[in-house]
Amino acid sequence: MKYRRPIILISMAVGAAALSLAQKQNDAPVDSGVIIRTGTKQVLVDAVVTDKKGEYVRNLEAKDFKVFEDGKEQPIKSFSFEADPQSPNRSQTHYLVLFFDNPSMDASDQIRARQAAVKFIDANAGPDRMIAILNYGGGPQLNFTANVERLKSVAGGTALAVTSGAETSSGPGLNITGGCGNDVIMEIRCLAKRLAAVPGRKSFVWITAGFKMTPELTSEATAAIDACNKANVAVYAIDVRGLVAGTPIAANFGGAGLRLQPPSWLAPMLALSFEPQRGGGPASGPTSAPAGGGRGGASVGASPVGAGGGPRGTGSAPGGARGTASPPSNPGPANPGRGGSIANPMNSPLPGLNPYNQARSLIPKIPESTAVNQNVMYMLADGTGGFVIHDNNDLLAGLQKIGREQNEYYLLGYTPPTSAEGSCHVLRVKVDRGAANVRFRTGYCNAKPADLLSGTPVEKQLETRAAAGAGGVPAQMQLPFFYTSANVARVNVAMEIAPEPVKFEKQKGKLHAEINVLGLANTPEGQTAARFSDTVKVEFPDTGDGKKEAEAFQKKPLHYENQFELASGKYNLTVVFSSGGSSFGKVEMPLQVDPYQPGQFAISALALSREVHKTSDLGFALDASLLEDKIPLITQGLQIVPSGTNQFKADDIKVFYAEIYEPLLTAPPDPNAPTAVAIEMRVLDRQTGQEKADTGLMRLDLGKQGSNPIIALGERIPVDKLGPGSYTLELSALDTGNNQFTRTADFELR
C-alpha cells in the first residue's frame, strides 16, 4: 500500500494570559447537556416525549426510559422532568435565541418573519423567559433581555443599537452577540459554544430559507451538532418559504394593514443576491478567476486593473503603477514530486491520526420527502433534539410551539463506558409507552483533553528539555496568524519534522508509537502566554503490510499543525517533541502579532503552502479538524495546508492563503458607490530589493461577499520565471476608501 505523508493535529491549551481575554469567558461550559463531566464522567441527555396527537407526555418515570450509547443500553443514574413543580430546575430562567438568517430570505419572507417575531415576543418574553435577537448577514443584535419593548423594537427592525452584555441583572453575565463564524453553520456552532455558559437547555430558533448542502458544509454541520449537544442547545429550524406563496414583494412594503416597514439597514441588503454559505467554486486550485465563496462566504477572484487603474480611479497600486498582468496560472491540487495528486492523509489507514472516524454518525437520517434546501435544517434540528417547521403559513403558531417546549423535557443522566479519546458516540432514547414519540440528541464526541500531559512526568521531562539546549532532531516551523477579534489573532502552527526512528512497540496485535509534544509561547519577560501538550498516537497492523507502512512512517517527514489564540504583542514560541528514549527535537521562533481593531483595513499574515486539497475530498479529515476546534484555511472550495517551511523545490506548487479585513463591507451597500478591493502581488529579491515579478493591480470579485468583512484569498505565488534564490512575497491591497495595506513573507526557491 502506498504510504501517504501524515498530518498530525496537535491539541492546544491556552495559558493564563490568553484566558484573560474577554471573549474566552464566553466559552466556559457550565451545566450543559450532552457532556462528559471531568471526574464524575456523567452524560446528560434531554428527551422530549409527545403522544400521537403531538401533546407532551408528562407522567413518565425513570423506569419508562432506556438510554443507549453506540447500541448498548446504559443504566440511568439521574432523572428529572423539568416541567414538574418538584424539579430542582423548575424555577430556572429559560433562554431563547431568535436567529434571522437574512441572506437566505427574500424581502417578503423577512418582513413576515419579523411581524410574527414581534407578536411572539409580546406574548412570551418575561423575567423567567429571556430572549436574544441575532441577525446573520448584518443588522442589529440584542443580548438576552426581558425588556419586551426593546426586543420588539430590534426584532421589527426599528432599533439599530448593538448591545453588549446582559440587558437585565437577571440575565447571564456574558455577551453572545456579534459575528463569530465563517458562514451560517459555523456561526451557529460558534454561538452554541458561547451559549454553553448559560445554564439549562437553550432554544435556538433558526429562521431561514435554507440552502443546498456540500461535503464541506456537511462537515461543518457535524461540528455544529457536536457543539450544540455539548452546550445543551436545541436548534429549531423554521423554513420561511412555506409561509406565503406567490405574494409579490411590493405588496409587503405597501399593502394595507401591514404594521412593519422594511428597516433602513435591511433595504439595501434585499437588493443583493448572495448565499450564506461558501460556494463550491472550481475544484482545480487557487486562482484569480471568479470562483465560489471563500472562508467569509465570498466569491473571491481577481481581474487585472492595470497601471494606475485602481478601483474608482484611486490611482496605482501601492508602490507605483506597474502595468497590467494576467492573473497567476492555476496550480491545481496535484503535488508533483510526491506521487501526483495527494489524498488526504487523515483518510489513510492510520487510526491514530483520525480519532474522529465516527463523526458522521452524528448526522441524523434526513426524511426522503425533504426539499433540497431543507436538508441542513433537519441535520441541525434532528441532531440536537429540536424540530423543523415547514410548509406552514402560520409562523407565529410555529414560534409558539417552540416557546411551549422550553421546559417540556426529561433530563436523563448516565455514566458512560470508557472510550478512546476523540471517539464519537451515537445516542438513542427509547420510551416504553405505546404510541409515544421521543426526540433526543444524536450523540457527542469525546474530545481529547487540551493540556493532555499536564502534571505528568512526561510533561516535566519535556519542560526540562525545553529549557535546555538544542535537540538532536531537526525541525522547521512557520507561524501565520489570522485576526479573530480586537487585538486577538489565531496562530496557525505548522511544523516539518525531519525523519527520525520512531519507537514502535507491539500492543494488542498492532505496532504502536507515541510522540509527545510540548509548546510554550512566552513573552519577552519570560511569562507563559499559552502552552500546549499532547501525545500523538500512531498505530499500524502487525502484519507484513503494516510493518512496511511503519518503516515508511519512520523515513518520511512529519507535518504537524495546530492553532491557538494570542493577544497582540511579541512572543517566542518553543516546541519540544520526543518519541521516547533520549532523542528529542526542539524548535524556537519569534512571533509578533500586530495590533488590530475590527474597523481597521488590514491583511493577515501570509500562509505559504505546497499542498492543496478539494474540500469535497476531505471527508472525515475535515470533520476531525472542525471537531478539534480548528479553522481550516479554505477558499474557493479548497483547503490550503500551511507549510512548516518556507523552502520550495522546483516541482512544488507554490501558493499562499491570506485574509483581507474590509470594514466597508459591514456598512449598508451603496449602489452608487459599491465597495471594491484590489490586490497586487510582487516578488522581490531579498538581498537587493529588486523587483522580479509583478501581477499588477487586480480587482477582487466580491459578488457573494455580502456583509462579511473577511475576504479569503488563495493565490499562486508568481514565481514561474524565477530561478533558485531568496525572495520576498509582497501582497498589497487597496479599497475604494483609499485604504492601503501591505504584508510580506520571505521564501526560498531551490
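Predicted model: local features only at pLDDT ≥ 70, side-chain atom pairs only at ≥ 80, totals over all residues.

User: What makes aspartate 46 and arginine 441 a salt bridge?

Analyst: The cut-off is a side-chain nitrogen of Lys or Arg within 4 Å of a carboxyl oxygen of Asp or Glu. For aspartate 46 and arginine 441, the N to O value is 2.8 Å, so the pair counts as a salt bridge. Aspartate 46 sits in strand 2, while arginine 441 is in the loop between strand 15 and strand 16, 395 residues apart. Asp46 and Arg441 also belong to a network of salt bridges with Arg201.

User: Why is arginine 439 called buried?

Analyst: Its relative accessible area is 17%, and the cut-off is under 20%, so arginine 439 is buried. Glutamate 405, at 0%, counts as buried as well. The side chains of arginine 439 and glutamate 405 meet in a salt bridge at 2.5 Å, N to O.

User: Why are helix 5 and helix 8 called roughly parallel?

Analyst: They pack at an angle of about 25°. Angles under 35 degrees count as roughly parallel, so helix 5 and helix 8 get that label.

User: And how do you know that helix 2 and helix 3 are roughly antiparallel?

Analyst: Their axes cross at roughly 175°. That is over 145, so helix 2 and helix 3 count as roughly antiparallel. By class, their contact has seven nonpolar, no polar and three charged residues.

Key:
Residues numbered from 1 in each chain as written. Heavy atoms only, no water. Axes fitted to C-alpha atoms, helices over the stretch in contact; angles between N-to-C directions. Helix = DSSP H or I, 4+ residues; strand = E, 2+ residues; numbered from the N terminus. Parallel < 35°, antiparallel > 145°, perpendicular 65-115°, else oblique. Nonpolar A, V, L, I, M, F, W, Y, C, P; charged D, E, K, R; others polar. Buried < 20%, exposed > 50% of the residue type's maximum accessible area, 1.4 Å probe, protein only.
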